[in-house]
Amino acid sequence: MNPFDLNSNVLLLTTHDLLKHRDQGHSIDVGILDFSKAFDTVPHKRLINKLRIFGIHGEFLSWIESFLSCRQQLVLCDGAMSEHSAVTSGVPQGTVMGPLLFLLHINDMPSVVDPGTSVRLFADDTLIYRVIHSMEDQVVLQRDLARLEQWASTWGMVFNASKCHIMHISRQSSCPHQYMYQFRGIVLSLVTSEKYLGVYLNHDLKWSHHID
């Protein structure tokens, strides 16, 4: 399956889920999360430890360690070249293994949130959402955001909170239970439209903005 098909599948699953809940009369709070330099920040040692947890051992693990190790980088600007510097984090972009290793590194992220909260992952695009029946559900979603923050700290990843947003999806014109979600010490801004996997996702789940 090519990346376009995977992209379409995630988008269809997500919009179908959101539409189903909305058509049942429920409200949904959606967190649109953004990793900071996602592919460049994966720490090699923690990635290798996670692969061991997944049961990858022996020659295959040694091959992956060799693939990641002894890489160097330099900067060339206006004919001036910097000294070489060891690359101790990040997956090599432009390779087949690089994106796969990144996905393995973030694969367990949905496991840290409440069972009633959904997390959709596609490469470094992350969506977290929960049906809101009462303010208690919003408290749970806030707790899930804190758990994702702790997960990122444990595994050497960083969310760019200034580019993370909240969207409220409902048949009602306004949110009956407004909640100020916080992430990494920043109150997340409430948006009515946000680009997700190349498509503008609107709070009313209509496609006029994207079509325009």
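In which loop is Lys37 found? In this predicted model, Lys37 belongs to the loop between β1 (27–34) and α2. Lys37 is exposed, with a relative accessible area of 64%, and its backbone has a positive phi of about 50° although the residue is not a glycine.

Helix α2 contains Phe39. Leaving out residues up to four places away in sequence, Phe39 touches Gly90, Val91, Gln93, Pro99, Phe102, Ala123 and Asp124. Phe39 and Ser89 are 50 residues apart along the chain, and their C-alpha atoms are separated by 8.8 Å.

## The chain as a whole

The chain has seven helices and 13 strands, and its C-alpha atoms fill a box of roughly 55 × 45 × 40 Å along the principal axes. Of its 212 residues, 42% count as buried. Among the contacts with a separation of 6 or more, 69% are accounted for by residues 24 or more positions apart.

The chain exposes about 12,000 Å², of which carbon and sulfur atoms supply 53%. There are 17 positive and 21 negative side chains, and the centres of these two sets lie 3 Å apart.

## Helices α4 and α5

In helix α4, which covers residues 58–68, the buried residues are Leu61, Ile64, Phe67 and Leu68. Viewed down the axis of α4, these buried residues fall within an arc of 115°, so they line one face of the helix. The packing partners of the buried residues of α4 are α3 (44–53) and α5 (97–106). Just after α4, Cys70 adopts a positive phi of about 60°.

The buried residues of α5 are Met97, Gly98, Leu101, Phe102, His105 and Ile106. They cover an arc of only 160° around the axis, which puts them on the same side of α5. These buried residues of α5 pack against α2 (38–41), α3, α4, β6 (118–122) and α6 (135–154). One of the buried residues of α5, Phe102, is also among the residues that Phe39 touches.

Lys50 lies in helix α3.

Setting aside its neighbours within four places in sequence, Lys50 is in contact with Leu104, His105, Asp108, Trp151 and Trp155. Among these contacts of Lys50 is His105, which is itself one of the buried residues of α5.

Ser170 is placed in the loop between β8 (165–169) and β9 (182–183), where its relative accessible area of 10% is under the 20% limit, so Ser170 counts as buried. The side chain of Ser170 makes a polar contact with the side chain of Ser27, at 3.2 Å. When residues up to four places away in sequence are not counted, Ser170 touches Arg22, His26, Ser27 and His203.

Arg184 is found in the loop between β9 and β10 (186–187). Its relative accessibility of 43% makes Arg184 partly exposed, in contrast to the buried Ser170. Phi of Arg184 is near 55°, a positive value in a residue other than glycine.

Note on methods
Residues numbered from 1 in each chain as written. Predicted model: local features only at pLDDT ≥ 70, side-chain atom pairs only at ≥ 80, totals over all residues. Heavy atoms only, no water. Buried < 20%, exposed > 50% of the residue type's maximum accessible area, 1.4 Å probe, protein only. Helix = DSSP H or I, 4+ residues; strand = E, 2+ residues; numbered from the N terminus. Arc of directions from axis to C-beta. Contact = heavy atoms within 4.5 Å. Polar contact = N/O pair within 3.5 Å; in protein donor to acceptor, adjacent residues only side chain to side chain. Areas by Shrake-Rupley, 256 points an atom, 1.4 Å probe, with all protein chains shown as cover. Lys, Arg positive; Asp, Glu negative; His and termini not counted. Charge placed at Lys NZ, Arg CZ, Asp CG, Glu CD.
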